[in-house]
Amino acid sequence: MNVTLRKAATSLLLILVVALGVRLAFAWDQARRIPSEALATAPFEQETGSIARSIATGGGFGNPFGRSTGPTAWLTPVYPVLVAATFKIFGIFTVRSFFFLVFLNILFSTAVCVPIFYTGNRIAGVGVGSGAAWLWALFPSAIMIPFEWIWDTSLSALLAATLLWATLEMVESRRWRDWCGYGLLWGFTLMTNPSLGSLLPFLLGWAAFRVWRQRADALAKDAGWITRPAAALGLAILCCVPWTMRNYTVFHRFVPLRSNFPLELYIGNNENYDDKHPRYPGPITKERETLRYFRMGETPFMDEEMRKAKTFIVTHPRVELILFGKRFVAFWAGIANPIDNFLAADSWLVRVVILCAGLSGLGAAFGIAVLISRRSCYTFPLAVFPVVFPFLYYVTHTSLRYRLPVDPVVLLLTSVAAGALVQSISQRAFAKTAG
């Protein structure tokens, strides 16, 4: 019986079936509560849906708010083009399009179990790998967001987990084909979610360093430790060149990936905060600012947002420190003022989401500590996900979905911590029995 249970608990196929099942069940339960008319329109009333409609109707990559405002670089092209293709097949703003995209998001989210399962196996054994996959399979945010957001979030989580897995694999590969594939994976990721680009120098640099360490004795014969990572970097950049050239042609300025950072910075750092009442979140919203966007156009609008945000940051250093701390808490708790919101919530689901977000954040911190104590060579590539990636949101503003791309690694680190705890308890029990 114990052997059977152990095989079931470490079965990737079973984990995938459960992950898919709970996501489909959540989507079905939510969909039957919402009128079809709302499902056909409300999920697309944001930048992704608006740009996709513009593409599908021949307006090109533009009009991020449903009006004819011209070309945009608000988002990178992969996911809006995917949504536009769906509109072409199933209709623009239809229930069929919504359910198809939700199903794709569910598949993306379910597939995350694969890279974190094998990454965990490599780092600390099958127990940690399967534990991480189970945590992701049942993680509330990973179950909810594929239905709640027609956005690149679930795909970004899959890409982030796959990048970690691929980075660890690259250390043992001398084949140019593998490194080129790694570079193309990075290029696709940058064209999907540029925020993950903050991890590129750290993961690629670590992989190159590990290859150099392993082949230090053969440096005179093999310079591939630097040329292969350089080729991967070159291919990643090359994937972005057509999009960057398009942006330069359209906007007559260098916009490498996305243009909307000034607005995001201003939303979290604006004149509605003051030294006496630094509160989160602030009254500035995209709804108010988009009215100015309609009047000014994208380029002058973003220039003005950046100027206002910089002015506020420079003139309110104390408020900035307070807001930075509040955003740090909100990122890892899943919501601003988590204790107050947890106590005031009238839904058990909200409380579970807050609790799981907070506990997994703490679990990741303990997981990093465990890897450091073991002097694991994998400490650095795992730690950069929860350490480096969130900084963009500490300085702008945060949301539960912004954290999801690094949650697979957060849960992997939590599994590492849990595995170390179980091992410690077992050793103490064995020592007590033997004594």
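At what angle do the axes of helix α6 and helix α9 cross?

1. The model is predicted, so local features need pLDDT of at least 70 and side-chain atom pairs count only at pLDDT 80 or more, while totals for chains, interfaces and linings use all residues. Residues are numbered from 1 along each chain as its sequence is written, and side-chain values use heavy atoms, with hydrogens and water left out.

2. The axes of α6 (residues 95-111) and α9 (residues 140-148) cross at roughly 155° and come within 8 Å. Axes are lines fitted to C-alpha atoms, for helices over the stretch in contact, with angles running from 0 to 180 degrees between N-to-C directions. Helices are DSSP runs (H or I, at least four residues), numbered from the N terminus. The two helices are therefore roughly antiparallel, a term for angles over 145 degrees.

3. From α6, Phe98, Val102, Asn105, Ile106 and Ser109 meet Ala142, Pro146 and Phe147 of α9; contact means heavy atoms within 4.5 Å. By class, this contact has six nonpolar, two polar and no charged residues. Ala, Val, Leu, Ile, Met, Phe, Trp, Tyr, Cys and Pro count as nonpolar, Asp, Glu, Lys and Arg as charged, and the others, Gly among them, as polar.

4. Thr189 belongs to helix α11 (residues 176-190). Thr189 is buried, its relative accessible area being 0% (buried means under 20%, with a 1.4 Å probe and protein chains only). Its side chain reaches the backbone oxygen of Leu185 at 2.8 Å. Beyond neighbours within four places in sequence, Thr189 is in contact with Leu159, Leu163, Pro194 and Leu196.

Methods
Parallel < 35°, antiparallel > 145°, perpendicular 65-115°, else oblique. Buried < 20%, exposed > 50% of the residue type's maximum accessible area, 1.4 Å probe, protein only. Polar contact = N/O pair within 3.5 Å; in protein donor to acceptor, adjacent residues only side chain to side chain.
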